[in-house]
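Me: Please pick one part of this model and look at it closely. Then show me how its neighbours join on.

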Amino acid sequence: GVLTFGDFTTKSGRKTPYFVNTGLYRTGAQAARLGRFYADAIQARMGEDHIDLLFGPAYKGIPLAISTAIAMADQHGRDLAYCFDRKEAKDHGEGGVLVGHAPRDGERVLIVEDVTTAGTSIRETVPKLRAAADISLAGLVVSVDRQERGRGTRSALEEVGEEFDMPTFAIVNLDEI
């Protein structure tokens with residue numbers, strides 16, 4: 001049920017006949033399994049590359065970053081910090097726009113996202129991370145590469161990787177689905 005067909009409009013405003021809704025993963029077992037898929041993709045693609053922090057953009061990236069952090073520790077022995085953002089800054093409690101590990105100068109951040117259609121979410125996320133600290137981007141991992149065209153002739157996933165000088169990869173792509 002995560003892949004549905006119909007008439008949809010994506011965050012970027014694009015019309016599409018299908019939608020990948022990771023919000024439909026609704027049980028602990030499903031979240032754990034998805035986290036393992038992310039962790040395995042990260043290990044396969046990045047090996048022991050230095051990563052300090054997993055960042056999950058609100059809202060769907062939040063459980064993805066957490067389940068991936070758990071799987072990285074359990075399956076690969078890598079205890080990575082995680083962080084996510086709020087849509088609005090909080091002015092009470094700990095305050096701010098970020099929750100979890102506060103990014104620090106010099107840390108390498110891997111963004112964990114559900115899908116990339118046009119790169120809109122990443123273009124909103126990177127400035128928030130860079131405003132928090134002088135971080136470097138270790139990369140972007142998504143569950144599904146929709147293989148949508150970006151602003152030019154390249155795919156949106158490739159384009160956002162080039163724009164922010166970071167590797168980008170997916171667990172699966174549309175052709176594989």
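Reply: Start with F5. F5 sits in strand β1, residues 3-9. Strands here are DSSP runs of E with at least two residues, helices are runs of H or I with at least four, and numbering goes from the N terminus. F5 is exposed, with a relative accessible area of 64%. The scale runs like this: buried is under 20% relative accessible area, exposed is over 50%, and partly exposed is in between (1.4 Å probe, protein chains only).

Keep in mind that this is a predicted model: local features need pLDDT of at least 70, side-chain atom pairs need 80 or more, and totals for chains, interfaces and linings use all residues. Residues count from 1 along each chain as its sequence is written, and side-chain values use heavy atoms, with hydrogens and water left out.

Together with L3, L174 and I177, F5 makes a nonpolar surface patch of about 380 Å² of accessible area. A patch takes residues with over 30% relative accessible area and no salt bridge; nonpolar side chains (Val, Leu, Ile, Met, Phe, Trp, Tyr) are joined within 5 Å, like charges within 9 Å. The areas come from the Shrake-Rupley method with a 1.4 Å probe; for residues, only the protein chains shown count as cover.

Now for the close look: helix α4. This helix covers residues 156-163. Its buried residues are A156, L157, E159, V160 and G161. What do they pack against? They meet β6 (108-116), α3 (120-132), β7 (136-145) and β8 (168-173). Contact means heavy atoms within 4.5 Å.

Turn to one of those partners, α3. In α3, the buried residues are S121, I122, R123, T125, V126 and L129. They pack against β3, β6, β7 and, in turn, α4.

(A salt bridge puts a side-chain nitrogen of Lys or Arg within 4 Å of a carboxyl oxygen of Asp or Glu.) E163 pairs with R123, and their closest N and O atoms are 2.8 Å apart. E163 belongs to α4 and R123 to α3, so this pair ties together parts that are 40 residues apart in sequence. How covered is each partner? E163 is partly exposed at 39% relative accessible area. R123 is buried at 15%.

Next, look at the two loops on either side of α4. After the helix comes D165, with a positive phi near 50°. D165 lies in the loop between α4 and β8, and D165 is not a glycine. D165 is exposed, at 68% relative accessible area. Q147 is partly exposed at 33%. Why point these out? Most residues other than glycine have a negative phi, and most peptide bonds are trans.

Y59 is in the loop between β3 (53-56) and α2 (61-76).

Back to the salt bridges. R146 forms one with E148, the closest N and O atoms being 2.9 Å apart. Are these two buried or exposed? R146 and E148 are both buried. Shared partners then join R14, R146 and E148 into one network.

R104 is exposed at 52%, while E107 is buried at 7%.

One last stop is α1, residues 28-46, where Q43 is found. Q43 is buried, with 17% relative accessible area. Which residues does Q43 touch? E48, M72, H76 and R78, leaving aside residues up to four places away in sequence.
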